[in-house]
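Trainee: Please take one part of this model and go through it closely. I would like the contacts, the geometry and the surroundings in one connected answer.

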Amino acid sequence: MKLNCDLGESFGAWSMPVESAIMAEIDQANIACGFHAGDPLVMKQAILSAKQHDVVIGAHPAYPDLQGFGRRSMAIAADELSAMIQYQVSALSGMAKICGAKVSYVKPHGALYNDMMKDTAVMRTVMQSIAEINTQHSDSPLALMVQATSHNAALKEAAQEWGLPLYFEAFSDRRYTDEGLLQSRLIEGAVLSESDALLQAKQLMSSGTVTTASGATLAIEADSLCVHGDTKGAVSIAKKIRTFL
């Protein structure tokens, strides 16, 4: 199992404190593309840091929501959403090329990610937008990172329509619902403490299961484990998970 983190999420004078420290602990960096966080300099610095640490780079597109950090859902027409995703991925890919690096996958951020997992129409738009990019890069197609659930097989089938590789992701630091989705951050306890995040990470890696908010046990078949950069104790969590891995 790989370890990934959402990074490049500083913006102007607002700085995320963990970015340089956590890069050495992860395998995959999901780099913000400017719509929920990140700016041109921050994007470039994150790419160069990932390159230095031999970390695989993913684009982390979002709804245009700087004030809400991309965590507020937005009603956007499919053609507009597709263009937004392609714009953000293209910006990061172009910057990566300048830095002698490349973008290998796409992981939508925040509310866009959650909407994608709940709404088949949004998922279809996301998949189609990336597939259209891949028509220009057939030698190294971008993969899509999605949440691992009990419906992995259905997602694989949908992705095959677009010839789209998938990464399935689990979360170390977020509480799960009985449906296998992430509990809303508005609910107390939805973001796990460091000790609980480590317990959940161990459970995911040892048994491929997660315990939900109600105490149910769900099977989770994942390729990559996420630690959010803005979770309290993120660097410590990542270092300890790295020792498990």
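Mentor: Start where α4 meets α5. From α4 come Leu-112, Asp-115, Met-116, Met-117 and Lys-118; from α5 come Thr-120, Val-122, Met-123 and Val-126. Contact here means heavy atoms within 4.5 Å. By class, this contact has six nonpolar residues, one polar and two charged. Ala, Val, Leu, Ile, Met, Phe, Trp, Tyr, Cys and Pro count as nonpolar; Asp, Glu, Lys and Arg count as charged; the others, Gly among them, count as polar.

A word on the basis. The model is predicted: local features need pLDDT of at least 70, side-chain atom pairs need 80 or more, and totals for chains, interfaces and linings use all residues. Numbering starts from 1 along each chain as its sequence is written, and side-chain values use heavy atoms, without hydrogens or water.

Now the geometry. α4 spans residues 110-118 and α5 spans residues 120-134. Helices are DSSP runs (H or I, at least four residues), numbered from the N terminus. The two pack at about 115 degrees, with axes 5 Å apart. Axes are lines fitted to C-alpha atoms over the stretch in contact, and angles run from 0 to 180 degrees between N-to-C directions. α4 and α5 are therefore roughly perpendicular (65 to 115 degrees; under 35 is roughly parallel, over 145 roughly antiparallel, the rest oblique). Their crossing is left-handed: the near helix is turned anticlockwise from the far one by less than a right angle, whereas clockwise would be right-handed.

α5 has another partner. Its axis and that of α3 (residues 78-98) come within 9 Å and cross at roughly 45 degrees. That makes α3 oblique to α5. This crossing is right-handed. α3 brings Ala-78, Leu-81, Ser-82, Ile-85, Gln-86 and Val-89; α5 answers with Val-122, Thr-125, Val-126, Ser-129, Glu-132 and Ile-133. Seven of these contact residues are nonpolar, four polar and one charged.

Back to α4, and the largest pocket. α4 gives the most to its lining, with six residues. The space inside is about 450 Å³. A pocket is an open set of points on a 1 Å grid over the protein atoms alone, with protein on both sides within 12 Å along at least five of seven lines; lining residues have an atom within 4 Å of a point. Points are joined across faces, edges and corners, and the volume is the space filled by probe spheres set on them, with a 1.4 Å probe. There are 22 lining residues, and Gly-110, Ala-111, Asn-114, Arg-174 and Arg-185 lie closest to the centre. The lining divides into seven nonpolar, eight polar and seven charged residues.
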